[in-house]
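Open the model in your viewer and keep the sequence panel beside it. The tour below goes from one selection to the next and says what is there.

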Amino acid sequence: MDLEGEIEKIIWAKGTQSYEMKPDGSMVSFGPSADLLSVESADNKIVPLAEKVGSHYKVGNLPAWEFPSLRLIAQEVAKLDGAGNNDVPWLAVKTDREGYYVLRLETRGGLPPEEDCQFSGIIGIPYETIYVVIKDNSIANKSNRANQH
C-alpha cells in the first residue's frame, strides 16, 4: 500500500478489544470499542489528554473511526512491523473515504488469552494505541483533474 500525504489527526485510543471464547477453545473477535482522545506533544512524546474527540468500533466486520465531522471505515488493511508479542498488530489502513488512511502504531495490549484458555464467554482485553489519520491530497487532486476532462 503506497502511502503519502499530510497528517490530519493524531489520536490516542483507549478501550478494549473484545473476543468470545467458545467452550471448544475457538474464538470469535468482536473488535474494538475505544474512546479516541486528543493528544499533545511534549518532550518528543505524544501525551493523551482527557478530551474525547471520537469513537472507534466495528461496522459489520470492518473497523471504523468516527469524529464529529468525519467517519472512516477500513477497506484495505496491511500489517506493519513493530508490535510486541502481547500487542495487537500495527496497521496501515486504506479507508472508504478517498485519500484517507489510518495508521495504528505503538499498540499496547489487546490480544486474547492463549488458545488453551479455560474461560468461556465474552472477554474485553484492554488496549491503547496511537492512530494517525493521513489525508493524501494528491489522490483527490488527480480525481478532480480526471473528472474535468
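Begin by selecting Phe67. Leaving aside its neighbours within four places in sequence, Phe67 is in contact (heavy atoms within 4.5 Å) with Lys9, Ile11, Leu36, Val53, Gly54 and Val133.

Before going on, note that this is a predicted model, in which local features need pLDDT of at least 70 and side-chain atom pairs count only at pLDDT 80 or more, while totals for chains, interfaces and linings use all residues. Residues are numbered from 1 along each chain as its sequence is written, and side-chain values use heavy atoms, with hydrogens and water left out.

Buried means under 20% relative accessible area, exposed means over 50%, and partly exposed is in between (1.4 Å probe, protein chains only).

**The whole chain**

Zoom out and colour by secondary structure. The chain has 1 helix and 8 strands, and from the N terminus on the order is β-β-β-β-β-β-β-β-α. Helices (H or I, at least four residues) and strands (E, at least two) are DSSP runs, numbered from the N terminus. Of the 149 residues in the chain, 32% are buried. Among contacts between residues at least 6 apart in sequence, 50% join residues at least 24 apart.

**Strand E1 and its partners**

Select E1 and E8 together. These two strands pair in the antiparallel sense over 15 bridges; strands pair if DSSP finds at least two bridges between them. To find a point along this pairing, select Gly15, which stands opposite Tyr127 in E8.

E1 and E2 run antiparallel and are joined by 10 bridges. Met21 stands opposite Met27 in E2. The hairpin of E1 and E2 has 5 residues between the strands, and Gly25 there takes a positive phi near 95 degrees.

**Two salt bridges**

How many salt bridges does the structure hold? There are 2, a salt bridge being a side-chain nitrogen of Lys or Arg within 4 Å of a carboxyl oxygen of Asp or Glu.

For one of them, select Lys22 and Glu20, whose side chains meet at 3.9 Å, N to O. Lys22 is partly exposed at 30% relative accessible area, and Glu20 is partly exposed at 25%.

Then select Lys52 and Asp35, whose side chains meet at 3.2 Å, N to O. Lys52 lies in strand E3 (residues 45–59) and Asp35 in strand E2, so the pair ties together parts that are 17 residues apart in sequence. Lys52 is partly exposed at 47% relative accessibility, as is Asp35 at 35%.

**On the surface**

Show the surface and select Ile7, Ile10 and Ile46. They make a nonpolar surface patch of about 240 Å². Patches are made of residues with over 30% relative accessible area and no salt bridge; like charges are joined within 9 Å, nonpolar side chains (Val, Leu, Ile, Met, Phe, Trp, Tyr) within 5 Å. Ile10 is found in strand E1 and is partly exposed, with a relative accessible area of 31%.

The chain as a whole exposes about 9100 Å², of which carbon and sulfur atoms supply 47%. Accessible areas come from the Shrake-Rupley method with a 1.4 Å probe; for residues, only the protein chains shown count as cover.

**Last stops**

Select Asp43, in the loop between E2 and E3. Asp43 is not a glycine, although its phi is positive, about 50 degrees. This residue, Asp43, is exposed at 75% relative accessible area.

Move to Glu106 in strand E7. Glu106 also has a positive phi, near 55 degrees, in a residue other than glycine. With a relative accessible area of 41%, Glu106 is partly exposed.

Finish at Gly60, in the loop between E3 and E4. Gly60 is exposed, with a relative accessible area of 63%. The C-alpha atoms of Gly60 and Phe30 are separated by 9.5 Å, and the two residues are 30 apart along the chain.
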